[in-house]
Amino acid sequence: MNVSCIILNYNDADTTIKLVQGMKDYSSLDSIVVVDNHSTDDSAARLKELDGGRVHVIGSLKNGGYGYGNNLGIRYAYRELGATHVIIANPDVMVTEETITAMKNAFLADQRVAVTAAVPVDQRGREGLKSWKLTGLFGDLLDTGLVTRRLLKRWLSDEPGKRAFPLTTPVAAERCAWADAVPGSLLLADVKAMMACGLYDEEVFLYYEEKILGYQLKKKGYRTLLLLDRTYLHLHSVSIDKSVSSILKKQALLHKSKLHYYKKYLKINRFQEFAAKVFLEFLMFEIWFLTKILGMSW
């Protein structure tokens, strides 16, 4: 395996530099590709100082979003560096070399494995969202609602621990589970499998890239494997907050990406699209009321 780590930066050089400095000597990596996604601050100049050796810094001519920027890095790693696999890493993560090695070895589980991932944890060690179920239009809308998501958590949320099975690797026995989709903050992917799915959908600017990728991989017969006892630190939304700080703006981007997923991939009809838009508009009002009127935050 020739593994390249792709790190996408936008106006967040401090966080990106810290991650690169922490990973640049990992023997489990063959290269690191830092993509500056057309930052509006001095990120590009500061990141250029990292360029050299196994670290490659490239710039985008526009800020085309998460998928566009990561695709730029993936193509560069594949064509220029001979990468067979890529780690997609948000700047706001910290991961040990042992976890990366375990993610690499997990590809031995099945020839159809296209993505492996670990469990995100916060600074207190609390586990975050591990994976998603691809539930279709109705289930996905219910999982979006603030109230419905909590009332129907038992049926909507994924519980990979209940599907756990042992996987013996050259390093250790890992407790794993198959998943439909995993968070994009840190994952290891087979480049050719991603290319077979068209890489990330560049029509999506931010959010929902993971479910779209999971949907495409599953459709092509590939599989995603989650390592249940391997973790990485994710300082959730640190990078996103620097470019999209308002919760209403974030929610609007999320809804736009959802509708794109529903129309392009789930092939919903006009009636379903209308119903989805009405439901999502109600959610926007709900969030506006809770944040602007009641002053709540989360």
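**Cores, surface and salt bridges**

Mentor: This is a predicted model. Start with the largest nonpolar core, which has 34 residues. Cys5, Met23, Leu29, Ile32, Ile87, Ala89 and Leu186 touch the most other members. Helix H1, residues 13–23, gives the most to this core, with five residues.

Trainee: What does Ile87 touch?
Mentor: Leaving out residues up to four places away in sequence, Ile87 touches Val3, Ser4, Cys5, Ile6, Leu29, Ile100, Leu186, Leu187 and Leu188. Another core lies apart from the largest one. That core has 31 residues, among them Val33, Ala179, Val182 and Ala193.

Trainee: Which residues does UniProt give for the feature "domain: Glycosyltransferase 2-like"?
Mentor: The UniProt record, an unreviewed entry, places the feature at residues 4–125. Over residues 4–125 the chain is 34% helix and 27% strand. The end C-alpha atoms of that stretch are 27 Å apart.

Trainee: Which residues of helix H5 are buried?
Mentor: H5 covers residues 136–144, and its buried residues are Leu137, Gly139, Asp140, Leu141, Leu142 and Thr144. Their cover includes helices H6 (146–151), H7 (153–156), H9 (209–219), H11 (247–264) and H12 (270–293).

Trainee: Why is Trp288 called partly exposed?
Mentor: Its relative accessible area is 36%. Buried needs under 20%, and exposed needs over 50%. Trp288 sits in helix H12.

Trainee: What makes up the nonpolar patch that includes Trp288?
Mentor: Phe282, Phe285, Trp288, Phe289, Ile293 and Leu294 form that patch on the surface. Together they have about 620 Å² of accessible area. A patch residue needs over 30% relative accessible area.

Trainee: What is noted about the phi of Leu199?
Mentor: Leu199 has a positive phi of about 60°, although it is not a glycine. Leu199 lies in the loop between helix H8 (191–196) and H9.

Trainee: Why does Leu199 count as buried?
Mentor: Its relative accessibility is 9%. The cut-off for buried is under 20%. Therefore Leu199 counts as buried.

Trainee: What about Lys267, buried or exposed?
Mentor: Lys267 has a relative accessible area of 62%. Exposed means over 50%, so Lys267 is exposed. Lys267 also has a positive phi, about 55°, and is not a glycine. Lys267 is found in the loop between H11 and H12.

Trainee: Where is Asp41?
Mentor: Asp41 lies in the loop between strand S2 (31–36) and helix H2 (43–48). At a relative accessible area of 37%, Asp41 is partly exposed. Asp41 touches Asn11 and Asp12, not counting residues up to four places away in sequence. Asp41 and Leu81 are 40 residues apart in sequence and 28 Å apart in space, C-alpha to C-alpha.

Trainee: How many salt bridges does the structure hold?
Mentor: The structure holds 17 salt bridges. Asp122 and Arg126 form one of them.

Trainee: How do you know that Asp122 and Arg126 meet in a salt bridge?
Mentor: Their N to O distance is 2.7 Å. The cut-off is within 4 Å, so the pair qualifies. Asp122 is partly exposed at 22% relative accessibility. Arg126 is partly exposed too, at 48%.

Trainee: What makes Arg163 and Asp158 a salt bridge?
Mentor: Their closest N and O atoms are 2.7 Å apart. That is within 4 Å, so the pair counts. Asp158 is buried, with a relative accessible area of 14%. Arg163 is partly exposed, at 35%.

Trainee: Why is the bond between Glu273 and Lys263 called a salt bridge?
Mentor: The closest N and O atoms of Glu273 and Lys263 are 3.6 Å apart. The limit is within 4 Å, so this pair passes. Glu273 lies in helix H12 and Lys263 in helix H11, so the pair ties together parts that are ten residues apart in sequence.

Trainee: Why is Glu273 called buried?
Mentor: Its relative accessible area is 17%. That is under 20%, so Glu273 is buried. Lys263 is partly exposed, at 42%.

Trainee: Which residues are joined into one network?
Mentor: Asp110, Arg112 and Arg223 are joined, through salt bridges that share partners.

Technical notes: Residues numbered from 1 in each chain as written. Predicted model: local features only at pLDDT ≥ 70, side-chain atom pairs only at ≥ 80, totals over all residues. Heavy atoms only, no water. Core = buried A, V, L, I, M, F, W, Y, C linked by side-chain atoms within 4.5 Å. Buried < 20%, exposed > 50% of the residue type's maximum accessible area, 1.4 Å probe, protein only. Helix = DSSP H or I, 4+ residues; strand = E, 2+ residues; numbered from the N terminus. Contact = heavy atoms within 4.5 Å. UniProt positions renumbered as here; feature names shortened; annotations may be inferred. Patch = residues over 30% accessible without salt bridge, like charges linked within 9 Å, V, L, I, M, F, W, Y side chains within 5 Å. Areas by Shrake-Rupley, 256 points an atom, 1.4 Å probe, with all protein chains shown as cover. Salt bridge = Lys/Arg side-chain N within 4 Å of Asp/Glu carboxyl O.
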